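This report covers model confidence and ring interactions. The sequence and structure are shown first.

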Amino acid sequence: MTTIRYVIVRWSFLCAITRKDNKTSGKRGLLFMSVLIGIVGILLLLGLSYLMSNDKKNINYKAIGVLFVIQFLVTLLMFKTTFGNTIVEAISNGVSNVLEYGYEGIRFVLGGLVPDDGSVFFINVLMLIIFTSTLLSILTYIRILPIAIKYIGGALAKITGLSKVVTFNSVNSIFFGQSESFLAIKSHLDKMNDNKLFVVSTVAMGSVSASIMGAYITMIPPQYVLVAMMLNALSGLIITSIIAPTKEVEEEVIDIKDATTSKSFFEAVSVGALDGGRIALIVAAMLVAYVGLIALVDGLLSSVIGLSFTQLLGYVFSPIAYMMGIPGEEVRTAGTIMGTKLATNEFVAMLEFQPLIGQLSPKTVAVVSSFLVSFANFSSIGIISGSIQALNGEKAKVVATFGLKMLLAATMVSILTATMVGLFS
């Protein structure tokens with residue numbers, strides 16, 4: 001009996017070990033396949049960029065290689081090292097703490113209207129844009145941001161061989177919106193050829209504004225907002241350098257005085273606050289319009305064909321989500337969010353994505369969150385054209401001619417950033 005009992009116990013133990021090993025091997029296999037699919041997705045993205053290129057002979061492959069290495073190292077550092085995780089966490093906590101001071105201003109003005117549960121989106125999210133826009137304006141006025149952007153952009157131009165204006169604009173777009181970023185390079189617009197104009201416009205569309213960053217991190221995980229903002233600048237240069245190659249011009253000189261028009265500290269505060277208020281109201285108006293229209297279209301399509309607009313978007317974007325490395329059972333959900341962002345804007349998509357975050361896998365959350373951090377949507381075509389129209393009417397006509405191509409390229413920038421993040425998630 002003792003021998004039989006020993007055999008049974010031993011057999012049970014071996015079966016448990018085998019199941020555990022099989023489970024571990026299965027997870028490793030899924031992880032390997034996910035990474036492999038992501039790499040294939042990046043290669044397909046680069047292949048599509050090459051097919052879209054209008055000057056294949058002059059593609060700067062050295063620059064693209066260097067940018068990929070930087071992007072790889074940044075993502076690896078931020079997500080796979082203790083040092084990088086500490087940096088991301090420290091920045092996230094720092095931003096959150098700064099935003100708390102912004103809430104003091106909101107509470108002072110709105111008093112009892114500010115709910116503790118964060119249920120009023122305009123008050124607890126959009127009103128923060130006023131505070132962060134003011135901080136950005138102050139940092140610009142005292143030259144901290146312009147100087148940092150100038151030298152980081154210059155270093156990037158030196159190691160890649162790309163145009164200084166192009167690299168400066170890509171770094172500048174990390175902090176300033178697609179409208180404001182052109183102010184710093186307005187003196188160069190006259191001399192820009194079509195390719196360079198395409199690059200600066202697409203990079204601006206594929207980025208976000210730091211003034212809205214505070215609103216984003218109240219809706220999606222902050223670490224992906226911070227990393228995506230950095231990676232978008234590199235992804236923008238990679239994609240556009242293939243589609244519309246540019247060359248360095250010796251006489252390019254960046255003047256950081258173009259970065260701000262404020263004549264005093266208090267004017268900078270006023271300008272930042274007013275700009276932030278304008279942005280908050282514009283975003284609120286767009287959300288009312290887009291969310292309402294989506295609900296209307298959903299209702300109409302559901303009654304006619306039995307599928308809502310968002311469900312259709314999910315089917316259309318599912319293959320793209322799959323090639324970004326998202327697990328098969330979650331591609332429709334991810335595709336719906338991605339499609340919503342393209343058709344409307346990132347705020348609408350984040351509002352739909354926010355309640356799903358706890359239900360999805362960490363990888364899907366990482367990929368979709370990173371994808372959402374950009375201005376790439378149909379309405380941005382008009383915003384970009386209008387912004388350049390205010391500075392240079394002739395160049396605005398040129399931008400209008402490649403609006404859809406610009407949107408496609410900017411969406412590809414978001415896909416590249418999100419897929420890169422997915423490889424390390």
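## Model confidence

The model is predicted. The mean pLDDT of the chain is 84, and 88% of the residues score at least 70. Among the elements of the chain, helix 15 (residues 362-372) has the highest mean pLDDT, 96, while helix 1 (residues 2-52) has the lowest, 68. The pLDDT is below 50 over residues 6-20, and this stretch has zero contacts in the model beyond near neighbours in sequence.

## Aromatic pairs

Five aromatic pairs are present in the structure. One of them joins Phe-198 and Phe-402 in an edge-to-face arrangement, with 5.3 Å centre to centre and 80° between the planes. Phe-198 belongs to helix 8 (residues 194-205), whereas Phe-402 lies in the loop between helix 17 (393-401) and helix 18 (403-423), so the pair ties together parts that are 204 residues apart in sequence. Phe-198 and Phe-402 are both buried.

Phe-265 and Phe-266 also form an edge-to-face pair, at 5.5 Å centre to centre and 90° between the planes. Phe-265 has a relative accessible area of 36% and is therefore partly exposed. Phe-266, with 63% relative accessibility, counts as exposed.

## Charges over rings

Two lysine-tyrosine cases can be described here. The ring of Tyr-50 has the charged end of Lys-56 over it, 5.5 Å from the ring centre. Likewise, the charged end of Lys-150 sits over the ring of Tyr-151, at 5.9 Å from its centre.

Note on methods. Residues numbered from 1 in each chain as written. Predicted model: local features only at pLDDT ≥ 70, side-chain atom pairs only at ≥ 80, totals over all residues. Heavy atoms only, no water. pLDDT = per-residue confidence, 0-100. Helix = DSSP H or I, 4+ residues; strand = E, 2+ residues; numbered from the N terminus. Contact = heavy atoms within 4.5 Å. Phe/Tyr/Trp six-rings, centres within 6.5 Å; stacked < 30°, edge-to-face > 60°. Buried < 20%, exposed > 50% of the residue type's maximum accessible area, 1.4 Å probe, protein only. Lys NZ or Arg CZ within 6 Å of the ring centre and 35° of its normal.
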